[in-house]
Amino acid sequence: MDVGSIPAGSATAPSGRGGGRATQTLMIAYDGSPNADRAIRYAGHFLRAEAAVVVTAWQPGGMTSARMSTLAGGMQPFVDTQLDVGVDRALEDEAERINERGVVLARECGLTSRGTLVEVESTVWGALVAAAEALDVDLLVTGTRGVSGLKALLRSSVAERVLKHCHRPVFIVPAKCEQEPQLTL
């Protein structure tokens, strides 16, 4: 399995568009949630691409909202770089484990897949859109969390932002699908 990080501005991955290739490539955004599992199952059931890349976005510990709000407030806490490196390594290791589960599920659903990680530099949706560009995929697949009401007002939807900002087709599997698709291999 190819689990690595996509460097910013990298376009060395297999091309889904252009370049004279006929290979169709899916990118499946995967965070380990039941909704992400459902998105993989729907992709495996309804989409027949030659390749799928399961992408897990991960955020270094130094970028956590509590730490960033402290830094924004002008208070500079003592930063132990050794601690930061250990936290970041643990977060990246967890992201790799989540990504590996997504790749296994994608393969069980009949997709030829590999995994990769993308580091979040500002927003998760931005990292996913950048990954879709870097990988030059034909279709980005994502699930939704199904948040509504006040929670939806307070928290923007990653899937909604991906849909608005991605310049590629997006296949969104809603959280409240009535039933899982039957696996047909």
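Predicted model: local features only at pLDDT ≥ 70, side-chain atom pairs only at ≥ 80, totals over all residues.
Visitor: How many bridges join E1 to E2, and what is the hand of the crossover between them?
Guide: E1 and E2 run parallel and are joined by five bridges. The path from E1 to E2 passes through H1, and this β-α-β crossover is right-handed.

Visitor: What is the bridge partner of Leu26 in E4?
Guide: E1 also pairs with E4, in the parallel sense and over three bridges. Within E4, the bridge partner of Leu26 is Leu139.

Visitor: Which residue of E3 is the bridge partner of Val54?
Guide: Val54 is a residue of E2, where it is the bridge partner of Ile28. E2 and E3 run parallel and are joined by seven bridges, and in E3 the partner of Val54 is Gly115.

Visitor: How many of the seven residues of E3 are buried?
Guide: Strand E3 covers residues 113-119, and it is largely enclosed by the rest of the structure. That description holds because the buried residues of E3 number five of the seven.

Visitor: How far apart are the end C-alpha atoms of helix H1?
Guide: Helix H1 takes in residues 34-46, and at 1.5 Å a residue its 13 residues should span 18 Å. The distance in the model agrees with that expectation, the end C-alpha atoms being apart by 18 Å.

Visitor: Which residues form the aromatic pair, and what is its geometry?
Guide: A search of the whole structure finds one aromatic pair, formed by Tyr42 and Phe46, with 5.7 Å centre to centre and 25° between the planes. Both residues lie in helix H1, four residues apart, which is about one turn of the helix. An α-helix has 3.6 residues a turn, so residues three or four places apart point the same way. Since planes under 30 degrees apart count as stacked, the pair of Tyr42 and Phe46 is stacked.

Visitor: What covers the buried residues of H4?
Guide: Helix H4 has twelve residues and reaches 16 Å from its first C-alpha to its last, close to the 16 Å expected. Its buried residues are Ala127, Leu128, Val129, Ala131, Ala132, Ala134 and Leu135. What covers them includes strands E1, E2, E3 and E4 and helix H6.

Visitor: Which residue follows H4, and what is its phi?
Guide: The helix H4 runs over residues 124-135, and the residue that follows is Asp136. Its phi is positive, near 55°.

Visitor: What pattern does the chain follow along the sequence?
Guide: The chain has six helices and five strands, and 38% of its 185 residues count as buried. Of its contacts with a separation of 6 or more, 83% are between residues 24 or more positions apart. Read along the sequence, the pattern is β-α-β-α-α-β-α-β-α-α-β.

Terms used
Residues numbered from 1 in each chain as written. Heavy atoms only, no water. Helix = DSSP H or I, 4+ residues; strand = E, 2+ residues; numbered from the N terminus. Expected span 1.5 Å × (residues − 1). Buried < 20%, exposed > 50% of the residue type's maximum accessible area, 1.4 Å probe, protein only. Contact = heavy atoms within 4.5 Å. Pairing = 2+ DSSP bridges. Right-handed = clockwise from strand over helix to strand, strands pointing away. Phe/Tyr/Trp six-rings, centres within 6.5 Å; stacked < 30°, edge-to-face > 60°.
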